[in-house]
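Me: Hi! I'm new to this one, could you walk me through it? Let me put it up on screen first.

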Amino acid sequence: MMTTKEIVIVGGGITGLTTAYYLQEAIKDNQLPYKVTLIEASDKLGGKIETVKKQGFTIERGPDSFLIRKEAAARLARRIGLEDQLVKNNTGKSFVLVGESLHEIPKGSFMGIPTKLSPFMLSKMFSLKGKLRMLRDLSISKKEAQSDQSVGEFFRYHFGNELLEHLIEPLLSGIYAGDIDQLSLMATFPQFYQMEQEYSSLIKASRQTMGQKDKKTAKKSSKFYSLKDGLESLVTQVKNQFDSSIVQVLTTTKVNHIEKKPVGYHLLLDNGEVLTADSVALTTSVKQAQRMFSQYDFWEQFGEMKATSVANVAMAFDQAAIPTDIDGTGFVVSRNSDYRITACTWTHKKWPTTTPENKALLRCYVGKPGDEEVVDLTDEEIVAIALKDLEKIMGITAKPDFHVVTRWRDSMPQYTVGHLQRLETLSHDLDDQLPGVFVAGNSYRGIGLPDCIRQGEQVVDQIITFLDDEKR
């Protein structure tokens with residue numbers, strides 16, 4: 001008779017949920033003698049995924065969508081029976097606020113890099129000097145090979161300040177909400193480094209790689225999926241798939257300490273109980289992992305990882321309150337702007353199923369490097385900041401029917417220069433000192449939903465391989 005192996009997953013966000021779900025499927029498919037315990041410190045699962053239903057509106061407090069081209073999230077949704085819930089975003093113009101004006105993002109822009117020159121040359125977003133500096137990329141020599149560098153340094157070398165600050169930085173900050181002069185290029189956008197190494201010019205590389213796609217696609221296609229009933233339905237559906245004979249879920253339960261034993265691990269919980277585990281998946285932040293394994297010094301070099309704080313405010317209006325009905329899905333704000341909002345999604349345009357007829361739903365993002373204290377303001381103060389900026393930008397003077405403010409403190413991990421090297425060192429230290437302990441989640445190899453779900457898939461393979469090797 002085979003001994004049952006115990007697997008403990010710490011953290012009930014989307015990474016932990018994915019890990020538990022795919023472990024369960026592997027256990028069923030292969031008739032493995034494994035049991036899984038998922039532990040979450042808060043009273044809810046799903047991490048930053050949270051959907052609010054109010055007065056006919058569907059409001060996301062965290063992420064509102066996921067990239068179609070990164071297939072892990074859609075794959076999970078289909079696997080658990082939500083294929084008919086997948087919806088694509090409406091496409092339309094996107095804008096950048098530069099100075100006091102909204103400028104349409106030039107056609108042929110790939111993450112801010114030109115694949116077509118004429119729209120950039122005709123755009124009023126850039127000065128003549130900025131345009132000439134931009135064109136120098138076509139004749140620029142590639143830098144010597146580097147193990148890593150900051151995103152800001154890399155793009156500034158190719159395009160100068162204007163393209164970087166007016167377009168590239170606002171677009172990239174919408175993903176990472178960090179300081180581009182500290183963010184690691186290799187941990188965030190390694191494809192651009194590879195493009196540089198092959199073509200020297202990023203414009204030439206983008207025209208070559210993305211231009212072919214433009215020829216095949218006559219009209220602009222959707223890039224994002226969401227779910228008709230809100231992203232929290234993904235969390236609910238995963239949770240509903242759990243077989244209690246295989247997966248046990250503990251919420252409002254904190255892991256205080258994890259100790260390695262001659263065989264496996266002991267996890268001391270805040271209620272005084274001790275769980276035993278043959279393998280542990282940590283899907284928490286690095287800071288929490290360091291606290292649970294405080295007796296191991298090797299966490300410290302990785303545990304200093306910075307995380308930024310951001311807030312967002314969703315506001316519902318009558319459609320008539322929007323004086324100019326702009327054809328688009330929203331705007332981002334130039335890096336050197338005096339405005340305190342960093343972006344605004346016209347949710348009723350981008351995701352029409354979220355909003356009742358004749359209503360409008362706007363979601364503004366506030367908080368950036370140097371202005372993170374905004375998350376400590378009251379709801380009313382955050383709303384006032386957003387409305388003040390929206391009045392200047394869009395002419396909105398009406399008060400919203402209601403608002404929903406969300407704060408995410410220290411929630412956006414910053415992959416600073418050298419992140420991948422530190423991650424590799426951490427992996428070696430775990431293999432050497434804590435065999436059977438694996439890490440996954442937005443602190444490590446990507447912060448978007450597909451990246452977190454993919455890491456969950458990968459850690460399942462690591463756990464099963466480890467336990468299989470143990471049997472030999």
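Me: What volume does the largest cavity have?

Reply: The largest cavity has a volume of about 170 Å³. Keep in mind as we go that this is a predicted model.

Me: Good to know. Which residues are closest to the centre of that cavity?

Reply: Thr58, Glu60, Thr347, Trp351 and Thr354 are the closest, out of 16 residues that line the largest cavity.

Me: And which strands supply at least two residues of the lining?

Reply: Three to look for: strand 4 (57-60), strand 11 (224-227) and strand 20 (359-366). Strand 4 gives the most, with 3 residues in the lining of the largest cavity.

Me: How do the lining residues divide into nonpolar, polar and charged?

Reply: For the largest cavity, 6 are nonpolar, 6 are polar and 4 are charged.

Me: How many cavities of 30 Å³ or more are there in the whole structure?

Reply: A search of the whole structure finds 2 of them. The second largest cavity has a volume of about 50 Å³.

Me: OK, what lines the second largest cavity?

Reply: Its lining is made of Ile322, Thr324, Asp325, Ile326, Trp346, His348, Lys349 and Met394. By class, that lining has 4 nonpolar, 2 polar and 2 charged residues.

Me: Changing topic: helix 14. How far apart are its end C-alpha atoms?

Reply: They are 21 Å apart. Helix 14 covers residues 419-433, and at 1.5 Å a residue its 15 residues should span 21 Å, so the two values agree.

Me: Which residues of helix 14 are buried?

Reply: The buried residues of helix 14 are His419, Leu423, Leu426, Asp429 and Leu430. They lie on the same side of helix 14, because they cover an arc of only 125° around the axis.

Me: So which residues are exposed on the other side?

Reply: On the other side of helix 14 you'll find His428, Asp431 and Asp432 exposed.

Me: Let's zoom out. How many helices and strands does the protein have?

Reply: The protein has 15 helices and 22 strands. Its radius of gyration is 23 Å, close to the 23 Å that the globule rule gives for 472 residues, so the protein is as compact as a globular protein of that length.

Me: What does the C-alpha trace span along its principal axes?

Reply: The C-alpha trace of the protein spans about 75 × 55 × 45 Å along those axes.

Me: Last one: what percentage of the residues is buried?

Reply: Buried residues make up 53% of the 472 residues in the protein.

Notes
Residues are numbered from 1 along each chain as its sequence is written. This is a predicted model: local features need pLDDT of at least 70, side-chain atom pairs count only at pLDDT 80 or more; totals for chains, interfaces and linings use all residues. Side-chain values use heavy atoms; hydrogens and water are left out. On a 1 Å grid over the protein atoms alone, a cavity is a set of points where a 1.4 Å probe fits but cannot get out, and a pocket is an open set with protein on both sides within 12 Å along at least five of seven lines; lining residues have an atom within 4 Å of a point. Grid points are joined across faces, edges and corners, and a volume is the space filled by probe spheres set on the points. Helices (H or I, at least four residues) and strands (E, at least two) are DSSP runs, numbered from the N terminus. Ala, Val, Leu, Ile, Met, Phe, Trp, Tyr, Cys and Pro count as nonpolar, Asp, Glu, Lys and Arg as charged, and the others, Gly among them, as polar. The expected span of a helix is 1.5 Å times one less than its number of residues. Buried means under 20% relative accessible area, exposed over 50%, partly exposed in between (1.4 Å probe, protein chains only). The arc is that of the directions from the helix axis to the C-beta atoms. The radius of gyration is taken over C-alpha atoms; the globule rule is 2.2 Å times the number of residues to the power 0.38.
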